[in-house]
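Biologist: I'm new to this one. Can you put it up and walk me through it?

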Amino acid sequence: MEVLKANIQQYEALQGFANGNHIIDFSLDADDNYIIGKQVLTDDNFIEVRKSLQELEIINYKPKEEEI
Amino acid sequence: MRLGLGLGLCGKRFSRKKFDSDYQAVLDFATSEGDTLPSANQQILQNQVVLSLKDKGLWNKKDAFGLFATDGNVDFALICWKRLIKMTAFNSPSFTTNGGIDGGGTAYIDTKFKSATDAVNYLLNDAGCSVNVGTTTPSGDVIVGNIERNDGGIRIKQKSNADSELNSFSFPTTTDYQNGGNLHIDRINSTQVVLKGEDGIETVTSNSTTLASNPALIFRLGGGSYGNGNIKTFSARSSFTDQEKNDYNTIINTYLNAI
């Protein structure tokens, strides 16, 4: 699965962006990259920051090892 | 003249009684939020859900209830009917008209239900959660979780050899919920949790520990586990008897089959 990776500047600009009850929230992958799913690119709730989202790097998702 | 007045009053009286007051409150809240309401026909069906839950004594057992399968918009779908608040959609979960909400990627929903502070009926040793979900692949995973694992939250996984939790540390289960439908997890006392899906029932020994100070999340568990499934309903409540679960299933299935 492909996800979007943010560098620290992109993360700080986008993290927590909210449109009503629709919010952007990055998580960390196994390599401690800030990542978010690609579906944010087509969500009209995030149209205000779509250009910035489109600038994020596409990488393959490496989930953190699951804890129990 | 008198006849005309009488008919007019009669008509007003009927219009006031159109919906149950709790369902009307949902519609009024949605209107105040600017949400797209369900169609007129679906409003009748949703009103019947509330009436049926009340008739079976289930409405007053709930602390949270969301009905995501609707022909209203996604913002209507995110209303908690018991608390009249909006659940929060993180990272664009996918909404399909009448199909509910899908996870995928890093999308999840914050129900804003923290059992340690928000619960009235959901108690440490008398608690439950019901969801209606679609079928999924064996890799389908988290349906309900918390940001902190083993912190007394709700954990439901749609997965072979899954682990679960309810006001406790996690415990292994054999219930995989792979057939979807109505899934229930109930803590019936301080030492036992009952899991019931469409294809079986399992009682697990698990000591209760604490209620959760973090909200129940749909499609997310811990820092990095996300679910790819589909959800149509969510509720947090006091525990159900087996008959109450069957009654609940009938009410929800009747609605879902009608939309």
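Modeller: First, a term: helices (H or I, at least four residues) and strands (E, at least two) are DSSP runs, numbered from the N terminus. This is a predicted model, where local features need pLDDT of at least 70, side-chain atom pairs count only at pLDDT 80 or more, and totals for chains, interfaces and linings use all residues. Residues are numbered from 1 along each chain as its sequence is written, chains are lettered from A and ligands numbered from 1 in the order in which they are written, and side-chain values use heavy atoms, with hydrogens and water left out.

Biologist: OK. Where does B:Ser190 lie?

Modeller: B:Ser190 is in the loop between strand E13 (181–187) and strand E14 (192–197) of chain B.

Biologist: Switching to sheets. What is the order of the open sheet of 9 strands?

Modeller: The order is E2(A)-E3(A)-E4(B)-E7(B)-E16(B)-E9(B)-E10(B)-E11(B)-E12(B), with mixed pairing. Two strands pair if DSSP finds at least two bridges between them.

Biologist: Which are the edge strands?

Modeller: Strand E2 (18–19) of chain A and strand E12 (171–172) of chain B; each pairs on one side only.

Biologist: What about B:Arg155, buried or exposed?

Modeller: B:Arg155 is buried, at a relative accessible area of 0%. Its place is strand E10 (residues 154–157) of chain B.

Biologist: Which side chains make polar contacts with the side chain of B:Arg155?

Modeller: B:Asp163 is one, at 2.3 Å. B:Glu165 is another, at 2.7 Å. A polar contact is a pair of N or O atoms within 3.5 Å; within protein, one must be able to donate a hydrogen and the other to accept it, and residues adjacent in sequence count only if both atoms are side-chain atoms.

Biologist: Now aromatics. How many aromatic pairs are there over all chains?

Modeller: There are 11. In A:Phe17 and A:Phe46, the ring centres are 6.2 Å apart and the planes are at 70°, so the pair is edge-to-face. Rings of Phe, Tyr and Trp (its six-membered ring) pair if their centres lie within 6.5 Å; planes under 30 degrees apart count as stacked, over 60 as edge-to-face and the rest as tilted.

Biologist: Which parts does the pair of A:Phe17 and A:Phe46 tie together?

Modeller: A:Phe17 is in the loop between helix H1 (8–14) and E2 of chain A, and A:Phe46 is in the loop between strand E5 (34–37) and helix H2 (50–54) of chain A, so the pair ties parts 29 residues apart in sequence. Both A:Phe17 and A:Phe46 are buried.

Biologist: Last topic, backbone. What is the phi of B:Tyr177?

Modeller: About 55°, positive, although B:Tyr177 is not a glycine. Most residues other than glycine have a negative phi. B:Tyr177 lies in the loop between E12 and E13 of chain B, and is buried at 2%.

Biologist: Where is B:Asn98 found?

Modeller: In the loop between strand E5 (94–96) and strand E6 (100–102) of chain B. B:Asn98 has a positive phi too, about 65°. At 27% relative accessibility, B:Asn98 counts as partly exposed.

Conventions: Buried means under 20% relative accessible area, exposed over 50%, partly exposed in between (1.4 Å probe, protein chains only).
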